[in-house]
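The following note sets out points for a colleague to read alongside the coordinates.

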Amino acid sequence: MPDVEIPLEKWTGKVKEVKIGGGGRKEVVVGGESTLPFLAFESSNPNPPKIAIEVHDKEPTTWAAPLLSAWGDAVKDPGTWAKKAVEFGADLICLKLLSAHPEGGNTGPAEAKASVEKVLSAVDLPLIILGPGVAEKDNEVITAASDAAKGQRVALGNCEEKNYRTIGAVCLSDGHIAIAKTPLDINLCKQLNIMLSDMGVPADSIIMDPDTGALGYGIEYGYSINERVRLAALGGDAMTAFPILNHAGGEVWRQKEARASDGVPDAWGDLEERSIIWEAVTATSVINAGCDIVVMCHPKAIERIKSTIEKLTGK
Amino acid sequence: MALTGIQIYKFLPKTNCKECGFPTCLAFAMKLAQAGAELSACPYVSDEGKAALAAASKPPIRLVTIGAGEKKIEVGNETVMFRHEKTFVHPTGLVVRIKDTSSADEVAKTVEAVKSYSVDRVGMTFGMDGFAIENASGDSATFVKCVEAVSSKSDLPLILMSSDASSMSAAVDRVKAAKPAIYAATKDNIDQMIELAKSSGCPLAVRSSDGLGELAELTEKAAGAGVDDLILDPGVRGFADSLVTLTQIRRLALAKRFEPLGYPVITFPGEGASSLDEEAVLAAQHIAKYGNIVVIDCFSPAAALALITLRLNLYTDPQKPIQMKPGTYQVGEPKETSPVCVTTNFSLTYFSIAGELESAGWPSWLVVCDTEGLSVLTAWSAGKFDAEKIAKTIKGENVAEKVNHKNVIIPGGVAVLRGELEEELPDWKIMVGPREAMAVGGYLKENWKS
Ligand code: B12
Ligand code: SF4
């Protein structure tokens, strides 16, 4: 029999481990990889990818039908929503403070604090808290959220190139984790991590979101950016060696394939089935490319990815 | 891994006779290394030298063809582990399995559903690529009948699945000309399967569940007997073992140039899954991580759409987005009164908005700016879709002459451009459309008065 000697990569780098939660809250550890995803023959990656379930601080008005029917009335209140997310198997809750958006309610720090407290008291899972994606408002509500969650080590974001200082500083002073978001570019990603590190944000307190598109809408870029950053990290570049977070769900549910049942070709099949597979395929692509925390929405897609991760890791 | 001029030189006669058209053997070798000459130009290379050079210049993963004619499946010839390193080249073949234990009716239905399945994406049409017919009955006549039934209804490539060499031989006999793949040679039947592959000229799949060593032993045997078109089935079926094993095979082929495993790989996600959506997710993993032919058991349009889309995405060249020629396109048959819309020349962007205008029943003029294949927001961020560019395109395309109005709709994502555009195009009214193409029908209904 020919002698088959499996080539092993001699990686010199290792992804930082980041612990989210604590202070009475459940803890989740992500990162720590010393090889590419799920390649147990080469090295053992200690922490399987985790699923964060998206929860909003206000009832979604533009959600697709399959999501609304799966969640029912739970989406009317962030606390109830978060509880239901626990039932659906969440490892973490990703609370989005969307009502702070100037065009979506323009609520302020007080409302943000109230929403965060609701979720904190409803569930004991670790939290990710994101602003509405408008710099000024992000700073305002994330500062309030940080205060409300003091001592419970939550992940806060997004820190973006032009707007990382305030959130970075808040994380630093309250002992939270900064989420560094950059648009699909390894150099920008690295640069932002350097800037946060220069501010004094410790290496065990950075999670990066290098961005992704949905299946059919840029998944190839999300897939490749994950692979590139992870390879750089394993190759020894400390400034890319942080856990990766991807918003697979949020990207997918904006797209037509997840929303449209009428006026689409027969070849698209049933909306419910299609939308769930769309989210599951997007999520499975990013975890195979290195994602550590995948943020998702539909309970059935979540169940599928949970089982996929278990099968991939044997855990 | 191409050879250097010096390495090639070792195999040449070193007599400098010049018959190849080069002054010296070394000069010829250098040219060969740059692919600027053909080895056959030298009449004096020994057979041994020829063989050695051919082996060294072989692609690390063989390109294998299943089927004949226009719809044939070509897989293999991949040169990278990661698509960003260069690109993945031969898209995964997606094949649907039919068992010969199904009723004639079921078979006919599946064949019809699969062969007529067709989806349009970014201006291209895709479908499923073939059928795998399994001799699940174990009976030779039933198998042959099923193969005939499928091949009489469809000209898509076939993979014939039986471990019984005489059943396989009978089936191959009926469809030989269509060059089906033979699945599979195992250690128990390999001699007969090799004979069959040789006599029919069909590609041969080789299966072993006893490790890559045994798989390599089988392929060496087949290759040694002159069967070069091989397909690997390492017998792994689950999420973890298939990811690991397929990664190892790709690494061995590329990094080690381990020839016995330098062939495309076939996978069966349905055997590692217990539901339709689980099969789809495992198939997606195989598309991303080193499966070349993926055999699907539960054919469903929704899952097929997702897999075809993933394949298209991951197999596009990362250096070159799929793009349109800039210019003015007609959606339907627009008239003088029809809307004028502006967009970018990223194919996905163009087809998103064109498709919505069409399905909402709005014949329109769609002015496509040259943004080097970038989407609306990406192009805007990169400074490739600004007021100046849009104005220049509208003027250059003589849009004003095509219509009897002066209204132009820009994507909602770049609403900020309105002010500047009003300055650049003073006699036009700039209308800001919705952000998402999906909403364009509703928007026009409300805002377009002609
Ligand atoms: C894939 C992607 C890329 C790819 C490029 C893909 C491509 N060929 O364009 C890459 C990785 C190269 C890239 C690079 C960059 N990107 Co980019 N990218 C994306 C991503 C993930 C998806 C874009 C996409 O393909 N969308 C799908 C297409 C179909 O959308 P679309 O063109 O907008 O079309 C829709 C609508 O606009 C509408 N529409 C289209 N035409 C028309 C016309 C009319 C009349 C109407 C009414 C509607 C309409 O219909 C479509 C469907 O709804 C987005 C984030 C996201 N998830 O959306 C970021 C994003 C667009 N990128 C962004 C940025 C900043 C960049 C960079 C500048 C980063 C950098 N500094 O280097 C670079 C610039 C590129 C360069 N320098 O060359 C930002 C833009 C920020 C902003 N809001 O302005 C985004 C939003 C990410 C983010 N959140 O920060 N990017
Ligand atoms: S023909 Fe062959 S032997 Fe003669 S110079 Fe060319 S390479 Fe050398």
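Contact, as the word is used here, means heavy atoms within 4.5 Å. The model under discussion is predicted.

1. Helix pair in chain A. Helix H4 (residues 135-148) and helix H5 (residues 165-174) of chain A pack with their axes 9 Å apart, at an angle of about 10°. Angles under 35 degrees count as roughly parallel, and H4(A) and H5(A) are therefore roughly parallel to each other. On the H4(A) side the contact involves A:Asp138, A:Asn139, A:Ile142, A:Thr143, A:Ser146 and A:Asp147; on the H5(A) side it involves A:Thr166, A:Ile167, A:Val170 and A:Asp174. The residues of this contact comprise three nonpolar, four polar and three charged.

2. Sheet of chain A. How many strands form the open sheet of chain A, and in what order? There are eight, arranged E8-E7-E6-E5-E4-E3-E10-E9, with parallel pairing. Strand E8 (206-209) and strand E9 (245-246) of chain A are the edge strands, each pairing on one side only. E9(A) is joined by two bridges to strand E10 (residues 293-296) of chain A, and the two run parallel. Within E10(A), A:Val294 stands opposite A:Asn246.

3. A covered strand in chain B. Are the residues of strand E6 (residues 130-134) of chain B buried or exposed? Five of its five residues are buried. The cover extends to both faces of E6(B), with B:Gly130, B:Ala132 and B:Glu134 on one side and B:Phe131 and B:Ile133 on the other. E6(B) pairs in the parallel sense with strand E3 (residues 93-99) of chain B over five bridges, and B:Ile133 has B:Ile98 opposite. With strand E7 (residues 158-161) of chain B, E6(B) pairs in the parallel sense over four bridges; here B:Ala132 stands opposite B:Ile159.

4. A buried charged pair in chain B. Over all chains, the structure holds 42 salt bridges. One of them joins the side chains of B:Arg237 and B:Asp233, at 2.9 Å from N to O. Both B:Arg237 and B:Asp233 are buried. Through salt bridges that share partners, B:Arg97, B:Glu134, B:Asp233, B:Arg237, B:Glu271 and B:Asp297 form one network. B:Glu134 is also among the buried residues of E6(B).

5. In chain B, a salt bridge of 3.1 Å, N to O, connects the side chains of B:Lys221 and B:Asp191. B:Lys221 belongs to helix H8 (residues 211-224) and B:Asp191 to helix H7 (residues 190-200) of chain B, so that the pair links parts 30 residues apart. B:Lys221 is partly exposed at 41% relative accessibility, as is B:Asp191 at 45%. In chain A, the closest N and O atoms of A:Glu272 and A:Lys300 are 4.0 Å apart in a salt bridge. A:Glu272 lies in helix H9 (residues 271-288) and A:Lys300 in helix H10 (residues 299-313) of chain A, so this pair ties together parts 28 residues apart in sequence. A:Glu272 is partly exposed at 32%, and A:Lys300 is partly exposed at 47%.

Definitions and conventions: Residues numbered from 1 in each chain as written. Chains lettered and ligands numbered in written order. Predicted model: local features only at pLDDT ≥ 70, side-chain atom pairs only at ≥ 80, totals over all residues. Heavy atoms only, no water. Axes fitted to C-alpha atoms, helices over the stretch in contact; angles between N-to-C directions. Parallel < 35°, antiparallel > 145°, perpendicular 65-115°, else oblique. Nonpolar A, V, L, I, M, F, W, Y, C, P; charged D, E, K, R; others polar. Buried < 20%, exposed > 50% of the residue type's maximum accessible area, 1.4 Å probe, protein only. Pairing = 2+ DSSP bridges.
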